[in-house]
Every structure is written in structure tokens, then in C-alpha cells.
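Please read the following briefing alongside the sequence and the coordinates. It goes through selected local features, grouped by topic.

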Amino acid sequence: MANETIDWSNLSFSYMKTDYNVRCTFRDGKWGEIEVCTDETITMHMAASCLHYGQEIFEGLKAFRGVDGKVRLFRVDENAKRMQNSAKGIMMEPIPVELFEEMCKKVIELNARFIPPYGTGSSLYLRPLEIGIEPRVGVNPATEYLFIIFATPVGPYFKGGFQTTNVAIYREFDRAAPLGTGRLKVGGNYACGMRATAKAKANGYSAALFLDPKEKKYLDECGPANFFCVKDDTYITPKSGSILPSITNMSLQQIARDLGMKVDCRPVPVEELAEVEEAAECGTAAVCTPIGKIYDDGTDITYVIAKDGQPGPWTTKLYNRLRGIQLGEVEDTHNWCTFIDV
Ligand code: PLP
Ligand code: COI
């Protein structure tokens, strides 16, 4: 697509073809050379382990054009570490952190013309993914893997950006098992969550809020994002073995402390929603999206969190500080951003 025709301020969170993707294959016990590709497709054996036995993991991270014109990649080292953890969790080959970082830099450089300009609210989303490509009929891990990163410019995940959205709890669905893969970023978790999300959307909600899969008493996570709420100047976020450790949540916890809030990471009972002053979902795609109402299908209770329908004061401050750091408007005191020379 010619750059002049891209409406940077009105991008949705969807795939747009860019110029290049980068790839690397693990074979004979080692990672090969980084390949630069224009092809958007993959040719693989029909018995590849990713197709039958779900050996697939992915990541999501963003690069931003800042107020100073510089390009910042947010917390790439954390995504690299999480991807290693996901790989180990389903017996795949962990990608060396340096290779992950080098390929992220390369894909941004190669697609520099797709980095949205500062002030548009959009960013360049990187999607690293790893798949088992060795033919397998018996259930055991592959010894050959393909690692790809593609880049695509995106706007907000939830329509409307920073404004309240409503979510729903449906007890008949889980996205992960108590001792399963919820902590890992594996494709199968997202397939498991689709029925709940579809039901939420059909009923006018933007996402499903999952409960802990063991007792169904505590909040877990919210669609493709973590959940946090605010009460008595405290940032409260669920502690659970079945949620993905969100890098955005980790960053917001630090920002909350920097802003003078207390931080409490603990099991959060559903009924506590009646007492919280603010709530939000957070993630790379969702950023920090304030929650207006939460409907619990099991009890037929609607928790009205944002009484006036507006984002709360703490959520707004947290969002602004996070965006400010990503866009170079606020000093990056924790060294979260990596500058990319493009
Ligand atoms: N939870 C789930 C299920 C996700 O898919 C994501 C997105 O990556 C998150 C939480 C948020 O994680 P992060 O902030 O690292 O993007
Ligand atoms: C992200 O926030 O980067 C994600 O991976 C969420 C995605 C599943 C939409």
C-alpha cells in the first residue's frame, strides 16, 4: 500500500500488509541465519506439529514514533523472556533473547515506512510467532521450528480508544486449566476463549472477564488483557496461576508506585467488584482500557464501576504516564524503551 493512502489516525487493530517479514529456522540443533522475506505465506508439511498438536506460541509488542521523532520499542527484553517461557511450557525450542531482539529491530527497520507518525494514536505492532514444523503423527515435540516476526501498523484494540467499555462474566467457559497453559502465550488459549468472547460480543459487551478456573470465585483475566482495579488509592490486580503475566500490567504496577499508589497483587473475589472505584483491562493491544460496567451472568448482577461512564482519575493518570513514556513525552526513568535507528 502507498503510504499516502494510509489514514494513520483511523487504523483499527487489524492486519495490513507491510513490506517484509523476518524468519529464522531451528534445525539440526541450531538456529540458522535470519532471512528477510516478502512472502506472506508459509509452506509446511501437512503433519507439522503446530497443525496437530498445537506447538504454537506468539508475542505482541509495539514500536512508537515519539514526540522527538525517534522510534521506541517498548520492553522488548520482557517479551523475549516471556516467549522463552512459553516455549519451555509446551516443549518448544526457546528463542535466544539476542536473536529475538535482533529480529525485532530488523523488522522495524525494514518496514520503517509503516511506523505511524507521532500524534496519530497508532503504532507499529510486531507479532513474533514460533511454530513446530517437523512432521509428527505420534504426540511428541518437534525438533524443527520456524520463528517469524511480521509487523503491521495498528490503532486501538477497542473501538473508541481511551473510553469506558463494558465486559461480562460467563461461568460456563474457561480459557485455561488451573495447572494448564494460561500463563503461557500459546495459540490454544485464544481458541479456548473464543466462545466466551463471542457470547460477550453477541450480548453487547466488548470482552469476557474470566474467573479462576478452579474455584470460579476470583477474577482472572479479561479477554486479551489483564485486569486491574482501584480502591483506596491502591492498584489491585489478580494473582493467579492461570493468567498471562502481562508486561503492560507489570509496567502499570511500577507506574502506580511512582505515582504514589499502593500495589496489591492478590486473589480478587468477584463480589469485591461492588467496592472498587475504578477498573480497567491492560495489555499491549488494549493498552489501558477503562471498564464501565461488569455483568455477572452467574448472579445476574451488574457492577457499575464508572458511575458517570467516564474513565476514573487514577486510570487516566496511569494511561497518560504509560503512553507518555512510550511516546517520549515523559522521561523513561526505568529504561523500558529501546531506540531503533530509522
Ligand atoms: N492476557 C492475555 C490473554 C493477552 O493475550 C495479553 C496480550 O498480550 C495480555 C494479557 C497482556 O499482556 P501484555 O501486556 O504483555 O501485552
Ligand atoms: C497483545 O496485546 O499484544 C496481544 O497479543 C493480544 C492479542 C491477542 C490481541
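Leaving aside neighbours within four places in sequence, R175 is in contact (heavy atoms within 4.5 Å) with G182, N189, C192, G193, F210, E221, S242 and I243. This is a predicted model, in which local features need pLDDT of at least 70 and side-chain atom pairs count only at pLDDT 80 or more, whereas totals for chains, interfaces and linings use all residues. Residues are numbered from 1 along each chain as its sequence is written, chains are lettered from A and ligands numbered from 1 in the order in which they are written, and side-chain values use heavy atoms, with hydrogens and water left out.

- R175 is found in the loop between strand 9 (165–169) and helix 4 (187–202), where helices (H or I, at least four residues) and strands (E, at least two) are DSSP runs numbered from the N terminus.
- R175 is buried, with a relative accessible area of 8%; buried means under 20% relative accessible area, exposed over 50% and partly exposed in between, with a 1.4 Å probe and protein chains only.
- The side chains of R175 and E221 are joined by a polar contact of 2.7 Å, and a polar atom of the R175 side chain lies 3.1 Å from the backbone oxygen of S242.
- A polar contact is a pair of N or O atoms within 3.5 Å; within protein, one must be able to donate a hydrogen and the other to accept it, and residues adjacent in sequence count only if both atoms are side-chain atoms.

**Ligand 2**

- Oxygen atoms of ligand 2 lie 2.6 Å from a polar side-chain atom of Y125, 2.7 Å from one of K185, and 2.8 Å from a backbone N or O atom of A285.
- The protein covers 90% of the 280 Å² of accessible area that ligand 2 has on its own, as given by the Shrake-Rupley method with a 1.4 Å probe.

**Positive phi values**

- R75, which is not a glycine, has a positive phi of about 50°; R75 is placed in the loop between strand 6 (71–74) and helix 2 (76–89) and is buried, with a relative accessible area of 10%.
- V287, in strand 16 (residues 287–296), has a positive phi near 55°, and V287 is buried at a relative accessible area of 10%.

**Helix 3**

- L99, F100, M103, C104, V107 and I108 are buried in helix 3.
- Seen down the axis of helix 3, its buried residues fall within an arc of 165°, so they line one face of the helix; the arc is that of the directions from the helix axis to the C-beta atoms.
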